[in-house]
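Dear colleague,

I am passing on the structure that we spoke about, with its sequence, and my notes follow below. Please read them with the model open beside you.

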Amino acid sequence: IPLIVVTAAPFAESAMSPLLQHPPPRPPRASEEQELSEEEGLDRAVLMTGDEFDALGFASAADTGVGQSALAYAQWFQAKATRRLQRLELRRAKLRTEGDWSSVPKQTLKALLRKGLPPEYRPEVWWSILGCEAVKLRSPVSYQQYLEETVDAATSATIECDLPRTFPNHKKFRCAAGRGELRNVLLAFARRCPAVRYCQGLNFIAALLLVVFQNEEQAFWTLVCAFDALGVEGYYTDRMLLLRADMQVLQAFMKVKCPKVAKELLRLNVDLMSICSEWFITWFAKSLPVSTVLRVWDTLFFEGFKIFFRVSMGIFKQIEQQVMACQSFDAVMERAKAWPRCMVQHNELLKASFQGLPYLKRQALLKARDEAMLRIEREDEERQKMAEARLAAAKSRK
């Protein structure tokens with residue numbers, strides 16, 4: 001059986017604890033290997049590479065600069081994490097109904113979520129604040145029934161291609177069973193949301209929900225509820241109209257909130273779409289370290305889409321000096337992906353995104369978004385008319 005070595009991504013660190021689990025056991029005897037199917041044998045071979053895994057199940061990157069920074073930060077942050085756990089448990093003890101976090105006063109809950117949820121309570125709180133149980137019970141189609149429906153061949157093939165590319169540094173997705181859970185969630189979502197079906201980026205969101213919940217049905221309903229609550233269908237449809245509009249909105253707000261970075265990117269002809277579209281499409285799941293993504297999602301699932309803008313500008317505030325040091329378009333683009341992946345200091349990013357960006361109003365974002373969408377639609381119509389005119393002119397010359 002060939003050994004397949006998967007390199008750990010530098011941004012997959014533990015949410016809180018720096019302690020690593022023991023590496024998996026040594027390979028079985030040859031007689032045991034012969035009883036495995038080919039796929040099971042390959043899965044086991046991958047897991048026998050000697051990797052260590054963090055508390056979330058991601059391969060440790062402790063031998064990299066980012067990995068060492070993450071471990072050091074986790075150790076420094078542990079005291080804060082302990083205090084926050086104690087505060088959350090005190091609040092939890094006062095809940096009228098166990099697990100009903102929607103009963104907590106809005107401002108109190110917002111403050112708790114911005115401080116970050118302890119890993120052991122994250123599934124319970126997300127499930128509650130997104131109203132997943134009610135949506136699941138109201139749905140005329142169950143998760144199992146979604147799985148029994150058919151999906152078009154093109155969608156199914158695209159999902160299949162993306163499975164091995166999704167967090168290959170996580171032990172769950174190195175195995176056929178884990179990839180099977182991810183496949184199920186994505187196929188069920190494609191049936192639930194036929195306007196989108198599947199778009200690359202959703203795989204990372206679904207995978208991280210599986211890591212948090214360790215239950216594919218709960219991961220599915222959480223994906224459904226978060227998707228609907230955020231109102232992001234337009235990020236994934238053919239023209240990506242909403243995504244293009246939000247990139248224009250982000251650019252406009254950056255001129256006010258992050259003027260130095262905005263001016264420098266404009267001078268270098270850097271389009272925010274080329275940097276930030278992945279942030280919005282994956283809800284930062286592929287761009288930030290996992291521990292940081294989870295902190296972002298704690299707030300995103302309660303406060304909604306405006307967190308995309310807050311955190312994006314928070315990132316740019318954190319990397320302002322690095323951007324200003326770039327002297328060319330190429331220099332920015334070479335570093336753009338690496339900058340957020342190094343942001344293991346999740347508490348500092350959240351501070352930059354909230355305390356550093358006061359007075360970011362939802363209504364102002366919605367107004368700017370509507371204006372951008374109208375502008376883009378007019379531009380698209382003009383381009384379509386020009387293309388049709390060129391085509392007609394070419395035909396007339398024949």
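**Salt bridges**

The side chains of arginine 267 and glutamate 264 are joined by a salt bridge, with N and O 2.7 Å apart; the term stands for a side-chain nitrogen of Lys or Arg within 4 Å of a carboxyl oxygen of Asp or Glu. Before going further, please note that this is a predicted model, in which local features need pLDDT of at least 70 and side-chain atom pairs count only at pLDDT 80 or more, while totals for chains, interfaces and linings use all residues. Residues are numbered from 1 along each chain as its sequence is written, and side-chain values use heavy atoms, with hydrogens and water left out.

Both partners, arginine 267 and glutamate 264, belong to helix H13 (residues 259-267), where they are three residues apart, about one turn of the helix; helices here are DSSP runs of H or I with at least four residues, numbered from the N terminus. Arginine 267 is exposed at 51% relative accessible area, whereas glutamate 264 is buried at 9% (buried means under 20% relative accessible area, exposed over 50%, and partly exposed in between, with a 1.4 Å probe and protein chains only).

Glutamate 124 forms a salt bridge with arginine 92, their closest N and O atoms being 2.8 Å apart. This pair links distant parts of the chain, since glutamate 124 is in helix H5 and arginine 92 is in helix H3 (residues 65-93), 32 residues apart. Arginine 92 also meets glutamate 98 in a salt bridge, at 3.7 Å from N to O. Of these residues, arginine 92 counts as partly exposed at 24% relative accessibility, glutamate 124 counts as partly exposed at 22%, and glutamate 98 counts as exposed at 70%. Over the whole structure the search finds 17 salt bridges, and Arg239, Arg244, Asp380 and Arg383 are linked in a network of them.

Helix H5 (residues 122-129) is largely enclosed by the rest of the structure, because seven of its eight residues are buried. Those buried residues pack against helix H4 (106-115), helix H6 (132-138), helix H10 (202-213), helix H11 (216-230) and H15, where contact means heavy atoms within 4.5 Å. Just after H5, glycine 131 takes a positive phi of about 65°.

The largest nonpolar core has 114 residues, and those with the most contacts inside it are Tyr236, Trp283, Trp297 and Phe308; such a core is a set of buried Ala, Val, Leu, Ile, Met, Phe, Trp, Tyr and Cys residues joined through side-chain atoms within 4.5 Å. H10 supplies the largest share of this core, 11 residues. Leaving aside residues up to four places away in sequence, tryptophan 297 touches Trp126, Ile205, Leu208, Leu209, Thr282, Trp283 and Ala285.

**Two phenylalanines with positive phi**

Most residues other than glycine have a negative phi. Phenylalanine 167, however, has a positive phi of about 40°; this residue is found in the loop between helix H8 (153-162) and helix H9 (176-192), and at 3% relative accessibility phenylalanine 167 counts as buried. Phenylalanine 284 likewise has a positive phi, of about 70°, and lies in the loop between helix H14 (272-281) and H15, where phenylalanine 284 is buried with a relative accessible area of 0%.

With best wishes
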